[in-house]
Amino acid sequence: YCWKVNIPLEEVTEKFQEFYLGTDTQIGLRELESLIPSRGLLLELRKRCKVGMAVVTGRPRDECLFFLDQYKLRGLFVDKNGAPALVCMNETPSKPSPEPVLLALKQLGVTDPSKTIMLGDTPDDIRAAKAAGAAAFGVVTPGNSLDGELALALSESGADQLLRPGLFELLDILAESSRDIVVAPEPASSVRLPSFGNSSAVRSATIERKTKETSIKCFVNLDGTGSHKIDTGIGFLDHMLSALSKHSRVDINVKCVGDLWIDDHHTAEDVAITLGEAFDTALGPRKGIARWGYALCPLDEALSRAVVDISSRPHAHVSLGLRRESVGTLSTEMIAHVIESFATSARLCVHVECLQGENDHHRSESAFKALAVAIRMSISADKSAGVPSTKGVLA
C-alpha cells in the first residue's frame, strides 16, 4: 500500500536536523560518522598534490567544517591564502552539474581541469567531474566490492578508475611531488621529517584520534631508545606495545580512553590505527632507509618469524595459532587484528607467524618481539639506498 502524506519541507528538514545534529538526550548522527581513509594517508596525498586539495559536498558549510575539524583535516583543504577550499550545498547548482567542481578548481587556482582528479562515491560525482573536464575516480564504499552494483554504476557513469575505500591505490598513481608544499599547521599533529644528511634530524610525530568510542594521543620517535609510556586500559595490549617499543628502539607514548565497558575491540583497533598513522607520518619520505627487515624471536618454547617491507602497499598476513579466548583482558582475535590494523595504517607489508609454541602469552609476545626487531631493521638508515625501489618512488 502507498499513502500520500503532505508534510511541509521545512518540517522534514527540521526533523532531519534533529536526528543529524542531536539533542540534549540523543547523540546526533554526525557524531557517529567515521573517517574511512587514514589521516596519515591524507597528509601524504596533500604533500603530493602541487596546488592542493578541495572538498565538493552536498552538506551545508558548517557541517562540512565540523567533520573536517573533528578529524583535524581543515588545514589540508585550503587555497593559497589559507582559506578553506570548499564548495558546499546551495553555493552552486548541485552535481551532476560541473559548476561545483569548476568552482573548487578556481579556488585552488587551477586553469586546466584535465590535470586534476576528482574522487566520488556516487554516479553524480563522476558525471560532474567528467563534465568539468577532470579525471573521475570512483570510490567503492565499505561493504561494496569492485565487481558489485555500486562499482558498476560508477563505471557506467564514466569513472576512469575505481578505488577501494582506503584510497591506497592513489599512492601508486600520484608520484611524490618535487615541490615543497606548506600545509597549514594543526595542533593535533606535529611532524619533523627525516634527513639523513643531518644527524640531528629526528623522525617523530604526534597524532590524536577522537571518536565517540575512543580518545587517543600517540607519540612516536623512530630514532629513539625504546622508551615507552603506554596506557590503553588493556593490560596485555600495553604489554605487547611495550615489547614493540623496546625491541624496535622506537619511543612510543600512548594514552587511550576507550569504551571498554562494551568490549576491547574499539580500543585495541583504534590504538593500532593511531600508532600506525604516527609511524607513517614520522617516517616521512620513504628514502634513505633499508626498507626490508626480518627476524626470528623465541620466547621459551614459542618461536615467531616476522618480515617487514616498507612498501607503501598495505598488507598483513598474521598467523599466530592462538587457542585461548583471551590473554588477560585482550581477546586473542584482537591480537592479530592489532598487527593488521597497525600495518594497514602505517602502509607496511608485514608477514608475522608463530612457528611453534604451547603458551598463548608466549606465542603472542614472541610475535610482537619479532615484529619489533624487523621494524628496527627496516627503518634503519642506508644513505646509499636513495629511494629503495626500481620504480624510483615508494608510493
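**Notebook: salt bridges and cysteines**

I started with Arg286, which forms a salt bridge with Asp280, the closest N and O atoms being 2.6 Å apart. For me a salt bridge is a side-chain nitrogen of Lys or Arg within 4 Å of a carboxyl oxygen of Asp or Glu. This is a predicted model, where local features need pLDDT of at least 70, side-chain atom pairs count only at pLDDT 80 or more, and totals for chains, interfaces and linings use all residues. Residues are numbered from 1 along each chain as its sequence is written, and side-chain values use heavy atoms, with hydrogens and water left out.

Buried or exposed? I checked both partners: Arg286 and Asp280 are buried. My cut-offs were under 20% relative accessible area for buried, over 50% for exposed, and partly exposed in between (1.4 Å probe, protein chains only).

Next I looked up Arg291, which pairs with Asp309 in a salt bridge whose closest N and O atoms are 2.6 Å apart. Arg291 sits in the loop between α9 (265-283) and β11 (292-299), while Asp309 is in strand β12 (residues 302-309), so this pair links distant parts of the chain, 18 residues apart. Helices (H or I, at least four residues) and strands (E, at least two) are DSSP runs, numbered from the N terminus. Arg291 and Asp309 are both buried. I also noted a network: salt bridges with shared partners join Asp280, Arg286 and Arg347.

How many salt bridges are there in the whole structure? My search found 17. One of them joins Asp223 to Arg203, with 2.8 Å between the closest N and O atoms. Asp223 lies in the loop between β8 (214-221) and β9 (228-231) and Arg203 in the loop between β6 (190-192) and β7 (204-210), so the pair ties together parts 20 residues apart in sequence. Asp223 is partly exposed at 36% relative accessible area, whereas Arg203 is buried at 3%.

Then I went through the cysteines and found zero disulfides, counting a pair of cysteine sulfur atoms within 2.5 Å as one.

Last, the overall picture. I count eleven helices and 16 strands, and buried residues make up 48% of the 395 residues.
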